Amino acid sequence: MPKSFKAPTGTCDILPNDHDYITFVKKVFRHRFRQSGFRRITTPVFEETGTFERALGMGSEIIKRELYSFKDPRGRDFSLRPEVTAGVVRAFIEHEMYNQPLPVQLYYVERCFRFERPQTHTRREFWQFGAEIIGESDPSIDAQIIYLGHRILADLNIRDQCELKINTIGSPDDRQKYLEALANFYAGKERSLSPESREKLEQKRYFDLLTSHNEDEEILVKMAPKITEFLSPASREFFDETLAYINSFGIEYTIDPTLVRPMEYYSHTVFEFHEKTSGRKILVGGRYDGLLEKMGGPDLGGAGFAAGMQRIINLMQDRNVEVPQKDTLQIFVAATGPVAKKQALPLLVKLREIGRAHV
C-alpha cells in the first residue's frame, strides 16, 4: 500500500462546514471595523527575522522557541510571522503612514505560525484577526479598542461567555521599578518553583512568572508585589481615565493586577477577554507606546487587539451558536437520460446565472 499523508502536526484542513463559520465571523468583524473607520492592511506572511526580534525582544518565549525561521538561497534570515502587530508597525514606518492624518486605523485577517506544543485549542498554524490604532497616546483610544472587541464578541453571540480583565503595566520606568521588586521577591524562593519557572527566573523573565499555574506558584503570585504599587502619577492618571471611558460604555470588567502580556512592546493598558469556564484567552490586546520608535520610526503611540479565529469558532460551536448558510438549495433540476440532459443543462446554467439554482 502507498503511504498515506496527513496534515502536518499542529495544522488542520478547513472544511466546508468550518468555512460557514469563518465567512460569518469575517462578515461580522469587517462590518464593525469599517463602521469604525478602519481600513484593511495585509503584510507578508514572512518578514526579516530581525523585525520580530526587535519588536518582541530577544528574551521572549516566541523568539527563543516558537519562530519558524529559515534562510533563503542568498543566506538571508526570514521567519514566518508569529503575530501581526510587528509587521503592521513595520509597514506603517516603511510607507511613512505617519505623514497621514493621525491616528491611522487598520485591521487585518492573517495566518500566523508558532512552533509550540499543539493542544486542543492551540495550533502551529492559525488565523488571527485584529485592529491597530497608531499615532496617538490617549486613554480614549484604549477604551475604543476595548469597546470594539466587546462589540464584536457580542455580535458573535459569545460575549456573555467571556469575562473582560484589565490592567496597566505603566511606563518603562514604572516597569523597571516593578521588575526590580519582583526580582527581590522571588530571590530565595527557587524551591517553590517548577523547573520551567526556575528557568524563567534565571533568565529574568519576571513577568512570565505571574502566569504560572502551579499551586505553590499561584500562592506566590498572590503574595508578590503588584504593578499598581509602582505607578507614577501620570501612569495612574492614564489608567484612571481609561477606566472612566470604559465605564461610560457600561461594559463590565475586572481589574486584574497580575495580568501582563508576554510581548516586550506593551505599555500602560493591557486587557483580555477570556472564556469564563475554561479561562482560555479569546481576544487580547493593549497599548504599545514606544514600539514605533524602537522599530526605527517616530515616537508615536499605538494600541490594538488580536483574536484567534479558531478559538472564537470553537466557542461558538461549543455554545451551539448557529450561523447563516448561503448555499441553500432553491431549485433542483433532474434529467433522466442523455436527451433530457441536453435540454436540462442549458436551463440549469441560466438558472445559476440568475442565482436560482445550485449543483
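**Reading the sheets and a helix of a predicted model**

The accessible surface of the chain comes to about 19500 Å², and carbon and sulfur atoms account for 50% of that area. The model is predicted.

Me: How many helices and strands does the chain contain?

Reply: The chain holds 13 helices and eleven strands. Its C-alpha atoms fill a box of roughly 85 × 55 × 45 Å along the principal axes. Of the 359 residues, 47% count as buried. Among the contacts with a separation of 6 or more, 73% are between residues 24 or more positions apart.

Me: In which order do the eight strands of the open sheet stand?

Reply: The general idea comes first. Strands of a sheet pair through backbone hydrogen bonds, in either a parallel or an antiparallel sense. In this structure, eight strands form an open sheet with mixed pairing, and their order is S1-S5-S6-S11-S10-S9-S7-S8. Strand S1 (39-40) and strand S8 (254-255) are at the edges with a single partner strand each, so one side of each has no neighbour in the sheet.

Me: How many bridges join S5 to S6, and in which sense do these strands run?

Reply: Strand S5 (residues 104-113) and strand S6 (residues 125-134) run antiparallel and are joined by ten bridges.

Me: What does Lys165 stand opposite on each side of S7?

Reply: S7 pairs with S9 in the antiparallel sense over seven bridges, and Lys165 stands opposite Glu272 in S9. S7 pairs with S8 in the parallel sense over two bridges, and here Lys165 stands opposite Thr254. As for cover, five of the seven residues of S7 are buried.

Me: Where do the buried residues of H10 lie around its axis?

Reply: The buried residues in H10 are Ser235, Phe238, Phe239, Thr242, Leu243 and Ile246. They lie on the same side of H10 because they cover an arc of only 130 degrees around the axis. These buried residues pack against helix H5 (139-155), S7, helix H6 (172-186), S8, S9 and S10. On the face turned away from the buried side are the exposed residues Pro233, Ala234 and Ser248.

Me: What span does H10 reach, and what follows this helix?

Reply: With 17 residues, H10 reaches 25 Å from its first C-alpha to its last, close to the 24 Å expected at 1.5 Å a residue. Gly250 follows H10 and has a positive phi, near 75 degrees.

Me: In which order do the three strands of the other open sheet stand?

Reply: Their order is S2-S4-S3, with antiparallel pairing. Strand S2 (46-48) and strand S3 (69-71) stand at the edges; each has a single partner strand, so one side of each is left without a neighbour in the sheet. From one strand to the next, the twist averages 35 degrees. Three bridges link S3 and strand S4 (residues 77-80) in the antiparallel sense, and Phe70 has Phe78 in S4 as its bridge partner. Helix H2 (residues 49-56) packs on this sheet, touching S2, S3 and S4, and its direction makes about 80 degrees with that of S2.

Key. Residues numbered from 1 in each chain as written. Predicted model: local features only at pLDDT ≥ 70, side-chain atom pairs only at ≥ 80, totals over all residues. Heavy atoms only, no water. Pairing = 2+ DSSP bridges. Helix = DSSP H or I, 4+ residues; strand = E, 2+ residues; numbered from the N terminus. Buried < 20%, exposed > 50% of the residue type's maximum accessible area, 1.4 Å probe, protein only. Axes fitted to C-alpha atoms, helices over the stretch in contact; angles between N-to-C directions. Contact = heavy atoms within 4.5 Å. Expected span 1.5 Å × (residues − 1). Arc of directions from axis to C-beta. Areas by Shrake-Rupley, 256 points an atom, 1.4 Å probe, with all protein chains shown as cover.
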